[in-house]
Amino acid sequence: MDEEELMKKIRALEEGQAELKREVSKLHQLRTEHRGGGARSQQAADSSPLRRRAAGLSRRHHAMVMQSLGQAVHVLDLQGKILYWNRNAEHLYGYSSAEAAGQDITRLIVHPDDIPSLNSIIGNIFTGKCWRGNFPVKNKSGERFLVVADATPLHDDDCSLMDLVCLSEDTRTLRDLIDPSTSGYYY
């Protein structure tokens, strides 16, 4: 696989990121509506099950999409706590969704030496910037490796910052895809 194929893979990640942002925004809106709230009551009426079906996907279908994405996905709140962790994140990092939920991302998958770099990246994302690049992480067993990550801020309908969405892929997987002897694999 050549550079063009790698660029196609990166574009696919970007498209997945955009779709994920839309889905997480919808989930966050539903979570807010579930809690109640005066200003949100019209939104609750606008997101009735009938209206959602007319728009395409049910709440359950949205959740299935999130779990089916081909990259590890996690969503962080403004304090860096994990709100969402999909199956591929479970596979990549070794923590179940239940273990990851509510945990500080820096303590879970980042080596102490890399925490200042991550805090800088997260700080910039929470000012509205997006970040894409390689970042060192660790899994549950302590193994360190690099991921290609794409992290973006998530805003609500009022453009208020809500969360951070991150897609990541093990760079070893991408290297395997670039290897001309590898045409693909099932996982």
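These legends walk through a few close-up views of a predicted model.

Residue numbers start from 1 along each chain as its sequence is written. Because the model is predicted, local features need pLDDT of at least 70 and side-chain atom pairs count only at pLDDT 80 or more, while totals for chains, interfaces and linings use all residues, and side-chain values use heavy atoms, with hydrogens and water left out.

**View 1. The hairpin made by β1 and β2.** Strand β1 covers residues 72–76 and strand β2 covers residues 82–85; helices (H or I, at least four residues) and strands (E, at least two) are DSSP runs, numbered from the N terminus. The two run antiparallel and pair over 3 bridges, where pairing takes at least two bridges found by DSSP. Look for H74, which sits opposite W85 in β2. Between the strands come 5 residues, and G80 in the turn has a positive phi of about 85°.

**View 2. An open sheet of 5 strands.** Going across, the order is β2-β1-β5-β4-β3, with antiparallel pairing. β2 and β3 (131–138) are at the edges with a single partner strand each, so one side of each has no neighbour in the sheet. From one strand to the next, the twist averages 30°; axes are lines fitted to C-alpha atoms, for helices over the stretch in contact, and angles run from 0 to 180 degrees between N-to-C directions.

**View 3. Helix α8 lying across the sheet strands.** Residues 115–125 make up α8, which lies across β1, β3, β4 (144–155) and β5 (161–170). Against β3, the helix runs at about 145°.

**View 4. T106 and its surroundings.** T106 belongs to helix α7 (residues 105–109). T106 is buried, at 10% relative accessible area (buried is under 20%, exposed over 50%, partly exposed in between, with a 1.4 Å probe and protein chains only). Its side chain makes a polar contact with the side chain of D104 at 2.5 Å; such a contact is a pair of N or O atoms within 3.5 Å, and within protein one must be able to donate a hydrogen and the other to accept it, with residues adjacent in sequence counting only if both atoms are side-chain atoms. Setting aside neighbours within four places in sequence, T106 is in contact (heavy atoms within 4.5 Å) with I115, L118 and N119.
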